[in-house]
Amino acid sequence: MTTQESINILKNQEGILFVNKRWNDGTIYSDDAFSIIQLLLLIIYSYLLTRRTLLIHSSLIDHHGNGILFLGPSGIGKTTQAELWNRYRGADILNGDMVFVRQWEDGFYGYGSPWHGSSPYYKNAKVKLKAMIALEQAPANSIRKLSGFEVLQGMMDQVFLPHWYPEAMDDCLSTLDALLSEIPIYHLACRPDEDAVRLVEQELGL
């Protein structure tokens, strides 16, 4: 990064990042591995935002070429639902916690990423998205398709919005709007059992 370029400066608890305005060149100063990883993720995600890519707190499975995102806060059961699909339907788990979703001309694709939180699952692979499932733990399984404002409620808390990069916020929201317009989102109240898998399978016509 040349000294003539204007730069952004970001800090976390153990590190500092200097990066140019295009977010494609920067320098990290830290001796803490976790801080380096987090700052590196900021660089990568900021660069990808302008290329119709979102980072979503979710787990991602590939079921015979159909990508399903399980959405929700930590501890809600995203990885558990992905594991159920792997156990009972042989689905591949591409990521258990942080998924990149990119818009292409023929639709949206989910990508496994090396960032996977507490989940052990991450795979260098992609799959075209079929549906998104917002999870809720419940004593009985039920599913319904979301519409209207519920669609936004089911997704917004799980998308990493670039508050540190105001110039990319419009790109981020535009991509999110296209995603919610094209890919259906469902609310799944569920137990951790095969019946939850069967219910989603029937709803999606898989």
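Cys 172 is buried, at a relative accessible area of 0%. Cys 190 is buried too, at 6%. Buried means under 20% relative accessible area, exposed over 50%, and partly exposed in between (1.4 Å probe, protein chains only). The structure holds 0 disulfides; a disulfide is a pair of cysteine sulfur atoms within 2.5 Å.

This is a predicted model: local features need pLDDT of at least 70, side-chain atom pairs count only at pLDDT 80 or more, and totals for chains, interfaces and linings use all residues. Residues are numbered from 1 along each chain as its sequence is written, and side-chain values use heavy atoms, with hydrogens and water left out.

**Nonpolar cores**
- A nonpolar core is a set of buried Ala, Val, Leu, Ile, Met, Phe, Trp, Tyr and Cys residues joined through side-chain atoms within 4.5 Å.
- The largest has 41 residues. Ile 56, Leu 69, Val 101, Leu 129, Met 132, Met 155 and Leu 179 touch the most other members.
- Elements that each supply at least two residues of this core include β4 (53–63), β9 (126–137) and α4 (169–182). Helices (H or I, at least four residues) and strands (E, at least two) are DSSP runs, numbered from the N terminus.
- A second, separate core has 20 residues, among them Ile 68, Ile 93, Tyr 186 and Cys 190.

**Met 155**
- Contact means heavy atoms within 4.5 Å.
- Beyond four places in sequence, Met 155 touches Ile 56, Leu 71, Met 132, Leu 176, Leu 179, Leu 180 and Ile 185.

**Ser 58**
- Ser 58 lies in strand β4.
- Ser 58 counts as buried because its relative accessibility is 0%.
- Its contacts, leaving out residues up to four places away in sequence, include Leu 69, Lys 78, Asn 95 and Asp 97.
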